[in-house]
Amino acid sequence: TRMAVEACTASMVLTGFIHNDPHEGNIMLHDDGKLVFLDFGLMSRVDEEIMEGFARGIQALLSEDWSTLAEAFVDVGFVS
């Protein structure tokens, strides 16, 4: 589960693409330990502003900087 969350987050932050249906039927663990995504029928592109805000929010969360986290959420429209 953690690998899948990390892979989905990295995909959004680094490429701007999101797999919109990441359930156990669309993700498998290869014999070499790598995560494999299947069924790319539901994909979305994320605006650069949201990618940057999400990355800023992750950094704020990891450093427990709650005011920056709140600002990041407001900046990208997650909360008002």
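Residues 24 or more positions apart supply 49% of the contacts in the protein chain that have a separation of 6 or more, a contact being heavy atoms within 4.5 Å. The structure is a predicted model, in which local features need pLDDT of at least 70 and side-chain atom pairs count only at pLDDT 80 or more, while totals for chains, interfaces and linings use all residues. Residues are numbered from 1 along each chain as its sequence is written, and side-chain values use heavy atoms, with hydrogens and water left out.

As for the overall layout, the protein chain holds three helices and four strands, where helices (H or I, at least four residues) and strands (E, at least two) are DSSP runs numbered from the N terminus. Starting at the N terminus, the order is α-β-β-β-β-α-α. The C-alpha trace spans about 40 × 25 × 20 Å along its principal axes. Of the 80 residues in the protein chain, 18% are buried, meaning under 20% relative accessible area, with exposed set at over 50% and partly exposed in between (1.4 Å probe, protein chains only).

One of the residues worth a look is H19, which sits in strand β1 (residues 17–19). H19 counts as buried because its relative accessibility is 7%. Setting aside neighbours within four places in sequence, H19 touches N26, F37, L38, D39, F40, L42 and M43.

Next come the helices α2 and α3. Two packed helices are described by the angle between their axes and the distance between the axes. Here α2 and α3 pack at an angle of about 165°, with their axes 8 Å apart; axes are lines fitted to C-alpha atoms, for helices over the stretch in contact, and angles run from 0 to 180 degrees between N-to-C directions. The two helices are therefore roughly antiparallel, the word used for angles over 145 degrees. On the α2 side the contact is made by E49, G53, R56, G57, A60 and L61, and on the α3 side by W66, T68, L69, E71, A72 and D75. Sorted by type, the residues of this contact are five nonpolar, three polar and four charged; Ala, Val, Leu, Ile, Met, Phe, Trp, Tyr, Cys and Pro count as nonpolar, Asp, Glu, Lys and Arg as charged, and the others, Gly among them, as polar.

The loop between α2 (48–62) and α3 (66–75) contains E64. E64 is not a glycine, yet has a positive phi of about 55°. With a relative accessible area of 56%, E64 is exposed.

Conventions: Angles under 35 degrees count as roughly parallel, over 145 as roughly antiparallel, 65 to 115 as roughly perpendicular and the rest as oblique.
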